[in-house]
Amino acid sequence: MSDQDLRTAPAGTSHVDAGDAGYRKSLKTRHVNMIAIGGAIGTGLFLGAGGRLASAGPSLAIAYAVCGFFSFMVVRALGELVLHRPSSGSFVSYSREFMGEKGAFVAGWMHFLNWSTTGIVDITAIALYIHYWKMFTSIPQWVLALIALAVVVTINLISVRIFGELEFWFSIVKVGALVAFMCVGIVLVVTGHKVGAQDAGPMMMFDHGGVFPKGVLPMLVVVQGVVFAYASTELVGVAAGETENPEKVMPKAINSIVWRILVFYVGSVLLLTMLLPWSAYKEGESPFVTVLGKLGVPAAGGVMNLIVLTAALSSLNSGLYSTGRILRSLGAAGSAPRFTMAMSRSQVPYGGILLTTAICVLGVGLNAWVPKDAFEIVLNFAAIGILGTWAMIMIAHLLFVRRSREGTLRRPSYRLPGSPVTEIVTLVFLASVLVLMWFDRDGEGHNTVLAVPVIIAALVAGWFCARGRIAAVRASRAGAAAEE
């Protein structure tokens with residue numbers, strides 16, 4: 001489809017996203033359901049939980065529960081917007097509808113910041129996982145990261161159906177592995193079996209300093225990392241634009257996120273603290289691998305490491321998918337470079353995917369320069385992107401509700417409960433996470449907040465650079481509408 005076709009597709013209906021033109025409805029119900037599951041299980045749990053447990057102890061479960069609640073509120077708000085109007089531009093498209101092009105510009109580029117840096121987190125995690133096996137330890141971390149990136153980018157460029165199939169099976173592996181681990185862990189806890197030198201049991205949680213072994217502050221500090229763990233939950237909204245019957249599929253997929261958060265995050269962290277003392281876990285190693293290693297079954301640890309490697313590949317795959325669609329929505333409005341609108345014959349927006357890949361290549365350089373610190377550095381920048389993206393979703397939903405009260409549109413029956421209080425409380429929570437990052441002077445959080453003015457300046461400069469193209473696209477659409 002030509003650029004002219006894209007510009008004229010929504011003539012006379014400004015709320016329709018020009019970037020939605022050209023996609024096929026290739027994602028089936030099973031794909032969307034598993035994408036929703038995969039979005040709730042990723043690198044933040046499989047790798048990040050080890051370092052978080054070492055910092056906060058059993059109180060990490062509380063942090064997961066609180067952040068999980070607000071994560072669900074965000075995705076529930078997004079779900080209502082999706083049922084209002086499914087769009088591959090997702091929250092960028094809704095920000096445009098209710099906040100104008102400036103809102104869409106901020107939402108889109110904050111999402112890009114989120115997922116381009118998350119891509120670096122993922123390739124770093126992949127390299128760390130592969131280093132678990134001794135045969136690969138001699139290969140530099142950056143080389144492994146580059147190979148992983150090349151493989152996933154190639155897969156993502158083939159077609160959306162291949163992406164959906166890959167995510168379906170990635171999610172099957174992740175869910176199956178977690179369920180299997182939790183079943184084994186529950187048996188170990190119930191029977192009081194030894195894990196290493198310790199007897200597993202509920203009292204393990206309290207015998208090593210209690211739920212807050214280092215006080216409440218460490219739990220508050222790790223919230224920034226826990227927010228990252230839930231970053232992928234909003235991807236289900238992006239998938240809606242390429243889904244058959246989103247009105248039926250989306251509510252079920254979104255509602256199921258609640259029990260996934262309770263079982264897979266809160267439940268698994270509680271179980272981990274009953275199997276080993278919190279101090280047995282460490283940064284850079286999956287806590288699940290730590291437990292299986294302590295059981296004296298090295299092969300089991302290797303298998304689990306392979307599974308968490310799959311989770312990181314899944315996250316990278318999803319990030320490339322979403323940024324390609326979001327950047328195309330921005331490009332169609334003039335808010336992103338023209339090449340981000342490029343679409344392959346198989347309806348894959350490869351321009352945006354390749355732009356995200358370019359940023360991830362810079363992450364490969366980070367792995368070569370500071371391999372030990374790469375994960376934490378980019379994790380905090382990803383958290384800034386997540387906070388910005390989630391805030392824009394809630395603001396768009398607030399304005400959507402206000403518009404419905406004015407009688408200019410009708411809310412769907414699937415709604416965010418407690419609106420508008422829910423949105424305001426969630427926005428306060430997101431702001432509090434930023435404050436907590438500021439007080440994380442021993443980690444990268446403080447330095448990340450110092451970078452926020454730079455990010456704001458970049459957004460302002462980017463807007464002034466793009467507003468000429470935005471005006472030109474708008475004029476072109478107005479001319480096309482007049483001709484019709």
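**Close-up 1. Arg-76 sits over the ring of Tyr-414 in this predicted model.** Arg-76 lies over the face of Tyr-414, at 4.1 Å from the ring centre. For a charge to count as over a ring, NZ of Lys or CZ of Arg must be within 6 Å of the ring centre and within 35 degrees of the ring normal. Residues are numbered from 1 along each chain as its sequence is written, and side-chain values use heavy atoms, with hydrogens and water left out. Because the model is predicted, local features need pLDDT of at least 70 and side-chain atom pairs count only at pLDDT 80 or more, while totals for chains, interfaces and linings use all residues.

Close-up 2. The structure holds twelve aromatic pairs; rings of Phe, Tyr and Trp (its six-membered ring) pair if their centres lie within 6.5 Å, and planes under 30 degrees apart count as stacked, over 60 as edge-to-face and the rest as tilted. Tyr-64 belongs to helix α5 (residues 60–84) and Tyr-230 to the loop between α11 (223–229) and α12 (235–239), 166 residues apart. Helices (H or I, at least four residues) and strands (E, at least two) are DSSP runs, numbered from the N terminus. Both tyrosines, Tyr-64 and Tyr-230, are buried, meaning under 20% relative accessible area, with exposed over 50% and partly exposed in between (1.4 Å probe, protein chains only).

**Close-up 3. Phe-181 and Phe-288 form an edge-to-face pair.** Their centres are 4.9 Å apart, with 90° between the planes. Phe-181 lies in helix α9 (residues 160–191) and Phe-288 in helix α15 (residues 287–294), so the pair ties together parts 107 residues apart in sequence. Phe-181 is buried at 6% relative accessible area, and Phe-288 is buried at 0%.
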